[in-house]
Amino acid sequence: MTLIDFASDTKTRPTPAMRAAMAAADVGDERANEDPTVNRLNQRCAAFLGKEAAVFLPSGTMANEIALAVHCRPGEEVVCDATSHIIGFEGGGPAALAGVMIQPLAGSRGIFNAEMLRAAIRPDRPYAPRQRLVIVEQTSNLGGGAIWPLATLDGVAGVAHEAGLSTHMDGARLLNACVATHIDAAVYARGFDSVWIDFSKGLGAPGGAVLAGSRAFCDEAFRLKLRWGGAMRQTGIIAAACEYALDHHVDRLADDHANARRLADGLAGIDGLSIVPGEVETNLVYFDVAGMPAAAFATALLAKGVRVTEMGPARIRAVTHLDIDAAMVERAIDAVAEVMRAAR
Ligand SMILES: *Cc1c(COP(=O)(O)O)cnc(C)c1O
């Protein structure tokens, strides 16, 4: 039985064509800016993200952590949604590496707005932490893949800049938003001083993220990449997979979104599950299970060859991606129905 793996869009494996592109890559010493494939990828990403420059990094986590450390000094404060990846999934990096404080906002599905940000702006007092940076996550991971509306992003960036704060976009799944709405990445990112995209999620590459911003921002980012051991050598091998993904795996994100919606619709018809299919805007599907703990549900489903992730006592996440097709979605819906039937 082959595993139908909805655990994450990081579970994709490089396709034969992607591997061929990797094998054929022109390479050089990346750390000395001599890798032509990495340099080309950086230029290309800077252009479509609408920024001056870009830096290739091993992971999205490093992109967020470097951005925090370039924008902020220790003791300064970052404002972001309470569900943010930097809070729950980066090993305490904001405290350990940049030394920042975080003021979490209680947004809706990971999305806050200009008024909420304005209410969180602190007066400049010697006893208060100095605020420095506002972060948004497009799309919001714990928010269920929710897409920040452009007007909300522009409003938040406007309030931040008015208050003298910098802005950063965690764009791990920015291209999912772009494909779903037909809004360009540069437009979504126009109010943000830095932005990155991940190649190891829906784009299906084995690794890599590109962080973009002004030339001065990227020069500092490169210094930290080197200091933290993220500067590599013939990384064109990986950058070639990323370029391949930009050429061949962006438009097909629409298939992941259609599969996620079909999964959500199928799950909505099963007794004991609660899900709002209309909230599934991209490739992340969250739902709640009644009658058994989420962990027991995930274990029972795995025994039927379908893997999902437990995200809370009753909460489950299923993610569609390159290695999930429409037939697998139907098999998964049937397997979930069997698990719920057996539990009654
Ligand atoms: C996955 C993810 C990251 C981290 O990216 P990695 O490449 O896995 O380190 C950051 N932010 C969000 C929203 C993510 O989903």
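**Figure 1. Helix H3 gives three residues to the lining of the second largest pocket, the largest share from any element.** The model is predicted: local features need pLDDT of at least 70 and side-chain atom pairs count only at pLDDT 80 or more, while totals for chains, interfaces and linings use all residues. Residues are numbered from 1 along each chain as its sequence is written, and side-chain values use heavy atoms, with hydrogens and water left out. Helices (H or I, at least four residues) and strands (E, at least two) are DSSP runs numbered from the N terminus. The second largest pocket has a volume of about 280 Å³. Its lining is made up of 20 residues, and those nearest its centre are His 85, Phe 89, Asn 141, Arg 173 and Lys 201. Two or more lining residues come from each of helix H3 (60–71) and strand E7 (194–198). Sorted by class, the lining of the second largest pocket holds five nonpolar, eight polar and seven charged residues. Here Ala, Val, Leu, Ile, Met, Phe, Trp, Tyr, Cys and Pro count as nonpolar, Asp, Glu, Lys and Arg as charged, and the others, Gly among them, as polar. A pocket is defined on a 1 Å grid over the protein atoms alone, as an open set of points where a 1.4 Å probe fits, with protein on both sides within 12 Å along at least five of seven lines; lining residues have an atom within 4 Å of a point. Grid points are joined across faces, edges and corners, and the volume is the space filled by probe spheres set on the points.

**Figure 2. His 85 is a residue of helix H4 (residues 85–88).** His 85 is among the residues nearest the centre of the second largest pocket. At 16% relative accessibility, His 85 is buried; buried means under 20% relative accessible area, exposed over 50%, and partly exposed in between (1.4 Å probe, protein chains only). Apart from neighbours within four places in sequence, His 85 has contacts (heavy atoms within 4.5 Å) with Thr 61, Glu 90, Glu 137, Asn 141 and Asp 170. Asn 141 is also listed among the residues nearest the centre of the second largest pocket.

**Figure 3. The largest pocket holds about 370 Å³ of space.** It is lined by 18 residues, with Asn 33, Asn 42, Ala 54, Val 55 and Arg 215 closest to its centre. Helix H2 (36–49), strand E2 (53–57) and helix H10 (215–227) each give two or more residues to this lining. The classes in the lining of the largest pocket are eight nonpolar, four polar and six charged residues.

**Figure 4. Strands E9, E10, E13 and E12 form, in that order, an open antiparallel sheet.** Strands count as paired if DSSP finds at least two bridges between them. The edge strands are E9 and E12 (309–310), each of which pairs on one side only. E9 (residues 273–274) is joined to E10 by two bridges in the antiparallel sense, and Ser 274 stands opposite Asp 288 in E10. Five bridges link E10 to E13 (residues 315–319), also antiparallel; Leu 284 has Val 319 in E13 as its bridge partner. E10 (residues 284–289) is largely enclosed by the rest of the structure, because five of its six residues are buried.

**Figure 5. The model has zero disulfides, taken as pairs of cysteine sulfur atoms within 2.5 Å.** Cys 72 is in no disulfide, and the nearest cysteine sulfur, in Cys 80, is 11 Å away. Cys 72 is buried at a relative accessible area of 1%. For Cys 242, the closest cysteine sulfur is that of Cys 45, at 7.8 Å, which is too far for a bond. Cys 242 is buried, with a relative accessible area of 0%.

**Figure 6. Pro 149 sits in the loop between strand E5 (131–137) and helix H7 (150–162).** Its relative accessible area is 42%, so Pro 149 is partly exposed. Pro 149 and Tyr 188 are 39 residues apart along the chain, and their C-alpha atoms are separated by 8.7 Å.

**Figure 7. Ala 342 belongs to helix H14 (residues 326–343).** Ala 342 is exposed, at 67% relative accessibility. Between Ala 342 and Asn 176 there are 36 Å from C-alpha to C-alpha, and the two are 166 residues apart in sequence.
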